[in-house]
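Dear colleague,

Please keep it open while you read what follows.

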Amino acid sequence: VHRFFLAPECFGPGSVTFPTPQARQLRQVLRLQAGDQVIVLDNSGWEYRVELEEMGKAAVRGIIRERRPSRGEPGLKITLFQALLKGDRLEFVLHKGTELGIAAFVPLRSQRCIAQGPTPAKYGRWRRIIAEAAEQSGRGRLPALEPLQDFPQACRSAPGLALIPWEGERGMSLRQALEKCPGSKQVSLFIGPEGGFTSAEIELARSCGLLSVSLGERILRAETAGLVAATVILYHYGELG
Ligand code: SAH
């Protein structure tokens, strides 16, 4: 069954009206007809079973048959602070991270970032990638995409248990850090760019209360590390597998 996140203004009493892109998708791409059912999400944790009623060129409308809490959200909120990456590697992280259950993404500018900050058009593209992945994977909410933050500002604002995977860390593994913090409900995860974090950045992070952790003996690429760490964290707290 196809799933669609719709904006609040699309919801009327007992019915929904699909905006043009979704209406076109329903009629021309999916070729659905009156009487077919879809799931509509309001991005506040509820989902609606909707029966398509009117499939006109002017308007596509459906009747709400059932409202129920969405099951797709992990109880644990992970915010991924991901340093800007070259090419379309960040898009890969947004797509896969949404499937895994990451709650929010913060693009991060750190000292060794080579990639430029995103243009407004790029942000629009990133939002569409997140929405598509969220619909396809059964998320109940759209992961937030925050504005670009500088590293020091991000360190000071990181919510919950704040972890910074660092390949130079010898004292503490990710597993040990998680075992020390049972029952965490919120985790911030900082991942560096292709060239990694500088030692000055690690020092600053620690002075803000972040824990530097190791992900093991192999160096993971920047687009792999956050996804792997998020997987381990969700598994550790019983939200995956
Ligand atoms: N250029 C660096 C590696 C950067 S990897 C070097 O060759 O040493 C990019 C990011 O992934 C790092 O900033 C870190 O946050 C994370 N990372 C990759 N492998 C890791 C590991 N084994 N332990 C902890 N963090 C790791």
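Strand 4 (residues 37–41) is mostly covered, with four of its five residues buried, where buried means under 20% relative accessible area, exposed over 50% and partly exposed in between, with a 1.4 Å probe and protein chains only. Strands (E, at least two residues) and helices (H or I, at least four) are DSSP runs, numbered from the N terminus.

This is a predicted model, in which local features need pLDDT of at least 70 and side-chain atom pairs count only at pLDDT 80 or more, while totals for chains, interfaces and linings use all residues. Residues are numbered from 1 along each chain as its sequence is written, and side-chain values use heavy atoms, leaving out hydrogens and water.

Strand 4 runs parallel to strand 1 (residues 3–5), to which three bridges join it, and Phe4 has Val40 as its bridge partner there; two strands count as paired if DSSP finds at least two bridges between them. With strand 5 (residues 46–55) the arrangement is antiparallel, through five bridges, and Val38 stands opposite Val50. Four residues lie between the strands of this hairpin, in which Asn43 takes a positive phi near 65°.

Strand 7 (residues 77–83) is largely enclosed by the rest of the structure, because six of its seven residues are buried. Six bridges join strand 7 to the parallel strand 12 (residues 186–191), where Thr79 stands opposite Ser188, and five bridges join strand 7 to strand 8 (residues 104–109), also parallel, where Ala83 is partnered with Leu108.

With best regards
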